[in-house]
Amino acid sequence: MPKTAIKPDIDALAALDDKLRFLSAWIIHHANHVRPSSDGLKVGGHQASCASMTAIMAALYFHALGPNDRVAVKPHAGPVLHAIHYLLGSQTLEQLQNFRGFGGMQSYPSRTKDKIPVDFSTGSVGLGVAITAFASLVQDYLTAHGKLAEEDRGRFVALIGDAELDEGNIYECLIEAYKHDIRNCWWIVDYNRQSLDATSADRMFERFDEIFASCGWRTVELRYGKRLAAALAKHRAVRDWLDNLPNADSAALLYQGGAAWRARITADLGKQGEAFLKSLDDAALGALMSNLGGHCMETLTEAFDAAMDDVPTLFVAWTVKGFGLPFAGHKDNHSGLMNPTQAHAMRDAMGIAEGDEWTPLAGIGGNARAGVEAVIDATRVRCDKRPRDFGRIAIPAIPAPSGDEQATQAAFGRILLDLSRAGGDLADRIVTTSPDVTVSTNLGAWVNQRGLFKRRDMADVFAQAKIPSAQKWSATNQGQHIELGIAESNLFLLLAALGLSGDLFGERLVPIGTLYDPFIARGLDSLNYACYQDARFLLVATPSGITLGPEGGAHQSINPPLIALGQPGLRHYEPAFADELAAMIEEAFRLIDDPAGESTYLRLSTRSIAQVERTEDSWKSGALAGGYWLREPAPGAEAAIVAMGAIMPEALAAHDELAADIPGLGLLAVTSPDLLHRGWTAAQASRWSGNHQPSHIETLLARLAPGAGLVTLCDAAPASLSWIGGVLGNRVAPLGVERFGQTGTLADLYAAYRIDGAAITEAVAELLLPA
Ligand SMILES: Cc1ncc(C[n+]2csc(CCOP(=O)(O)OP(=O)(O)O)c2C)c(N)n1
Ligand SMILES: [Mg+2]
């Protein structure tokens with residue numbers, strides 16, 4: 001739980017601020033100007049963005065953070081985080097010297113690639129901010145379910161660039177966070193009023209204040225440091241003038257320094273500014289005007305100490321981008337790099353001898369030294385990374401729902417309902433979530449059984465009034481479904497937070513999220529972000545394709561299989577039959593709990609189709625590997641139909657019709673183009689390492705005659721399957737959907753988009769015609 005404040009050692013923290021500013025700048029300097037370059041490319045880095053928040057991060061890490069707190073660091077302040085761990089002894093010099101190099105510390109903090117403890121990866125601005133709110137929701141969920149002790153709870157902190165606040169996902173998250181009454185969250189804005197391209201719009205902070213306050217957040221503005229505030233208190237005219245100085249003017253003056261401030265104050269205020277200016281030389285004036293709240297250790301530590309309760313809090317810390325660097329305040333400084341002369345001057349000014357740049361406490365001498373060492377020692381114990389937590393979930397066999405005719409979406413609902421009824425560890429670890437499509441993606445029965453999660457009980461008014469309804473929507477803190485508003489980005493960010501629960505809290509959950517397949521695109525970067533961090537979850541997308549018929553073009557998905565094909569960390573399965581689905585769900589659960597596993601995306605359908613009779617189980621391993629022969633080809637067959645998902649009945653019917661004329665015609669059921677493609681490229685790569693094993697798709701296709709024709713068929717972009725022709729050099733007739741959909745019956749649509757039986761027959765015939 002939030003700790004009580006300890007008295008800060010302001011001098012030691014200020015020395016650490018200076019040290020972090022130097023080290024972060026030097027890491028970037030070394031990569032760009034010292035380390036030999038073999039390709040002549042600029043390495044890059046963001047010295048100004050780091051310098052802007054070294055004080056904030058020193059106050060946070062070396063004073064305010066508790067042992068269970070987790071932080072999402074502004075991506076381009078990554079070097080500051082690494083410098084902190086270097087001082088704590090948890091980062092090596094070798095890594096710092098290999099910043100942005102192969103295997104070295106990453107440009108932006110990465111949970112999976114960096115060697116230091118990174119709580120949340122960042123890089124795509126806005127997402128690291130929002131995940132902290134969802135992590136706090138997951139913490140509340142775990143506590144309510146008795147899976148996290150009170151003393152193991154912490155606070156979730158996001159360090160935010162001010163331009164990052166333009167990202168819409170932050171406000172989607174804010175609304176959702178309000179509905180779920182989240183707490184223990186600090187968002188700290190590095191309010192340097194500069195973005196990448198320019199200085200930012202004036203006085204936005206007042207708007208931020210209003211927006212956050214209306215969503216239940218406490219807002220704390222840290223505008224002036226103690227020294228500047230004290231000076232301004234005595235000179236009201238200067239204060240009024242500075243309060244209203246436009247961002248661009250302020251940035252330019254901060255860059256130009258004391259003489260320019262003097263000239264401008266004199267020009268604007270005349271006699272009213274004289275008393276303020278009189279006692280200050282230009283250097284002192286320049287320093288005083290940069291004494292903003294985000295650079296003042298007393299201001300920062302006081303503000304943090306005053307917010308140790310669980311109220312979500314937005315701190316707007318005014319800062320100077322590039323504070324203390326030669327390009328402080330310059331509007332073009334985002335990617336600015338000090339030249340060697342400037343970097344050496346900074347080193348000298350810090351009292352660091354040449355050659356001593358990497359000595360952790362070089363330049364910190366005299367009385368400050370002991371204080372700094374004490375602060376570092378006290379901090380070290382708070383920064384351990386919790387080990388990843390895997391391999392603890394007993395996964396029962398998932399039986400296929402019975403029924404001669406079934407849709408995969410309906411079967412999914414049945415499987416979850418059966419799991420819920422059977423109970424057990426797995427069922428208790430499942431958390432479902434959906435952005436307002438719980439009912440229409442068939443999670444309703446599960447929710448009726450397991451209930452909605454809310455920290456505070458919420459009665460089902462309809463049930464109380466005895467109004468008949470299929471959905472029982474009362475909420476308690478024991479519920480296992482987290483209902484979200486219609487914001488798909490939030491779905492993926494919540495799945496990311498739930499899917500990291502083993503790492504963040506030592507207790508792995510089994511998250512299942514549902515949405516309509518086309519709306520994956522709405523949250524795509526958040527989905528990528530979840531995968532990038534190796535969060536583990538099951539994503540169920542339904543309905544899909546044009547097979548949803550009358551729902552029409554706006555809801556028909558075309559390209560998600562291609563998205564999945566290119567998305568690392570996410571395995572796409574597209575079942576045709578309920579027994580395939582059951583096997584895939586079982587596999588997905590296993591992959592969630594396997595250190596070498598991944599997340600799974602199931603593309604399902606509302607189309608009810610006749611199930612196939614199985615006489616044995618050998619199809620199963622093929623289905624889990626990406627495909628199997630649903631109708632065996634004769635050895636050396638000249639053609640095959642290769643089909644995926646809900647249009648399998650068309651493929652089967654065409655196969656039956658054609659088999660009489662084309663002896664040995666095969667029907668390959670593809671269950672995962674994603675896995676087949678991965679296997680193929682991996683086999684290609686293994687050729688070069690000398691231990692080549694043919695891939696699954698090569699083995700399957702080897703049954704056909706060399707150069708046999710393939711008709712590929714899917715309710716998706718045809719490229720999802722057409723690439724299969726490249727594996728062994730088969731000719732392909734690619735059938736699929738390439739245009740926006742329309743409303744209609746399935747027969748209308750399949751004919752119009754040429755994925756019906758007639759299209760298959762024609763395509764097979766054409767392939768078999770002599771060239
Ligand atoms: C989604 C996304 N779009 C664009 C970028 C490129 N980018 C990186 S930092 C940045 C500007 C950041 O400004 P601010 O948040 O104010 O941070 P500062 O460097 O000023 O501290 C941009 C546009 C990105 N990282 N992520
Ligand atoms: Mg900024």
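**Reading the ligand site and the ring pairs**

Modeller: Let's start at the ligand: an N or O atom in the side chain of Lys74 sits 2.6 Å from an oxygen atom of ligand 1. That's a polar contact, a pair of N or O atoms within 3.5 Å.

Biologist: Before I go on, what am I looking at?

Modeller: A predicted model, where local features need pLDDT of at least 70 and side-chain atom pairs count only at pLDDT 80 or more, while totals for chains, interfaces and linings use all residues. Residues are numbered from 1 along each chain as its sequence is written, chains are lettered from A and ligands numbered from 1 in the order written, and side-chain values use heavy atoms, without hydrogens and water.

Biologist: Back to the site, then. How far is the polar side-chain atom of Ser49 from an oxygen atom of ligand 1?

Modeller: For Ser49 the distance is 2.6 Å.

Biologist: How many residues surround ligand 1?

Modeller: There are 18 (a heavy atom within 4 Å). The closest are Ser49, Lys74, Asp162, Gln194 and Lys321. By class, the shell around ligand 1 has nine polar, six charged and three nonpolar residues.

Biologist: Now the rings. How many aromatic pairs are there?

Modeller: The count is 14. Rings of Phe, Tyr and Trp (its six-membered ring) pair with centres within 6.5 Å; planes under 30 degrees apart are stacked, over 60 edge-to-face, the rest tilted.

Biologist: Why is the pair of Phe212 and Trp217 edge-to-face?

Modeller: Because their planes stand at 85 degrees, with the ring centres 5.5 Å apart.

Biologist: Is Phe212 buried or exposed?

Modeller: Phe212 is buried, at 0% relative accessible area, and Trp217 is buried too, at 5%. Buried means under 20%, exposed over 50%, partly exposed in between (1.4 Å probe, protein chains only). The rings of Trp241 and Trp261 are edge-to-face as well, because their planes meet at 80 degrees; their centres are 6.3 Å apart.

Key
A polar contact is a pair of N or O atoms within 3.5 Å; within protein, one must be able to donate a hydrogen and the other to accept it, and residues adjacent in sequence count only if both atoms are side-chain atoms. Ala, Val, Leu, Ile, Met, Phe, Trp, Tyr, Cys and Pro count as nonpolar, Asp, Glu, Lys and Arg as charged, and the others, Gly among them, as polar.
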